Amino acid sequence: MTTPFPFVAGQVLTAAQLNDIQALPISDKTASYTLVATDVYKRTIMNNASATTITVNNSIFTINDVIQVANKGAGTCTITAGAGVTINTSGSLALAQNGGGYLLCLAASSFLFFNLGGGGASYGTATGGSSSSITVGGLNYTLLTFTSDATLTVTKAGLFDVLMFGGGGGGASGRIGTDSGGGGGAGGIVQSTLYLDANCSIDIGAGGASNTIGLGSNLTSAARSFSAGAGATGPTSGAASDKSGACGGGGSGTGDQNNQGGAATNSGINGFAGGNGVLSNGSGAGGGGGVTAVGAAGSGGTGGNGGAGYDVSAFIGGSALFKGGGGGGGTRSGSAGTGGSSVGGAGGASGVAGTAAAANTGSGGGGGGGAAGGAGGSGIVYVRFKV
């Protein structure tokens, strides 16, 4: 008998149900799967001959929730942290066939994974990019940093932690004498622990030029594809549609009904939307969305600030270092917006072009103040493994 979880107020249980309180229903999966809130009341079991993932996203579970997972397929199933999520374990997040364990939710974005055995994989080793030795949380890692297209050469199969940003969108141009351009949206962020057993191509997404969407960053092999989407530029003054991407571009400060900020394709996971501009010529444009916050809306003659970026020091160690900030909105009649987390490009004041975002930040360019928008920053890929 299966206990009828979740219980509801006033429900009466039979003796048989009480005696069988731990008999959770089995939820078979045959492809990579993202956990949902109701999986607390199930046993999620993967069954696939190829490598798969079970992903845990932010703000899905509450403190003390326990989620049981297992793998009965021949392919390794890796428990994977979504953007902003941390999963700690003294064992392994990779489950070989017949392996299993359970996740304990400590906070909306923090989990412990108890691996109950079954031949979990250990960390692998690889070369490529720029190599350095780091210590994070008392653990020693080798960090590989990729700022241009290259190959990740896997010398030992196993687990690898990956953090990547796509290219940021270029800031929108403003029409001379009338409009201000919205800030560019940051490139998307993705973070996960992957099982890799073959060399992978690393493609670094380029930042977008003025009025241009950036390019995504990718890690690919014959058996694996892992991507961070690109940031969008803001709606161009006089254009009929907005621009959306991993992070949306800010809306223009304009009187032509085109002041809406662009949407984020995965808002709250990979990135956030851009802020709206003021519906009036010469007013403040919206800031581009960042990877952790929406871009601010323009207000009167003030451009909106870009959305905040993400501090990568939690992944690479060291002092605070932000990536993925949105670009600031331009203005024709007042103060321009600043870039998100001091990484995105600043908006241009009256008659001034927006500032370009720095290379390999994945940040958006600043919107133009009746001039050209600034270019977005190119993406970056970090790969680390324990030593």
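**Pockets and sheets in a predicted model**

The largest pocket in this structure has a volume of about 530 Å³, where a pocket is an open set of points, on a 1 Å grid over the protein atoms alone, with protein on both sides within 12 Å along at least five of seven lines, and where a volume is the space filled by probe spheres set on the points, which are joined across faces, edges and corners. Residues are numbered from 1 along each chain as its sequence is written, and side-chain values use heavy atoms, with hydrogens and water left out.

Back to the largest pocket: 26 residues line it, and T86, I87, N88, Y141 and R384 are the ones that lie nearest its centre, a lining residue being one with an atom within 4 Å of a point. Two or more lining residues come from each of β7 (86–88), β13 (139–146), β15 (158–165), β16 (189–196), α2 (313–316) and β22 (380–386); helices here are DSSP runs of H or I with at least four residues, strands are runs of E with at least two, and both are numbered from the N terminus. By class, this lining divides into 13 nonpolar, 10 polar and 3 charged residues, with Ala, Val, Leu, Ile, Met, Phe, Trp, Tyr, Cys and Pro counted as nonpolar, Asp, Glu, Lys and Arg as charged, and the others, Gly among them, as polar.

The second largest pocket has a volume of about 280 Å³, and of the 20 residues that line it, T55, N57, G82, V190 and F226 lie nearest the centre. Which element gives the largest share of this lining? That is β16, with 5 residues, and the lining as a whole has 8 nonpolar, 11 polar and 1 charged residues.

Leaving aside neighbours within four places in sequence, T55 is in contact (heavy atoms within 4.5 Å) with Y33, T34, L35, T80 and G82.

Turning to the sheets, β16 belongs to an open sheet of 5 strands in the order β12-β13-β22-β15-β16, with antiparallel pairing, two strands being paired if DSSP finds at least two bridges between them. β12 (130–136) and β16 are the edge strands, each pairing on one side only. Between β15 and β16 there are 8 bridges in the antiparallel sense, and L159 stands opposite Y195 in β16.

A further open sheet of 5 strands runs β11-β14-β17-β18-β19, again described as antiparallel. Its edges are β11 (125–127) and β19 (225–228), each of which has a single partner strand, so one side of each is left without a neighbour in the sheet. Within this sheet, β14 (residues 150–156) and β17 (residues 200–203) are joined by 3 bridges, with A150 opposite I202 in β17.

Not counting residues up to four places away in sequence, T127 touches L144, T151, L152 and T153.

Notes. Predicted model: local features only at pLDDT ≥ 70, side-chain atom pairs only at ≥ 80, totals over all residues. 1 Å grid on protein atoms, 1.4 Å probe; cavity = no way out; pocket = protein on both sides within 12 Å on 5 of 7 lines; lining within 4 Å.
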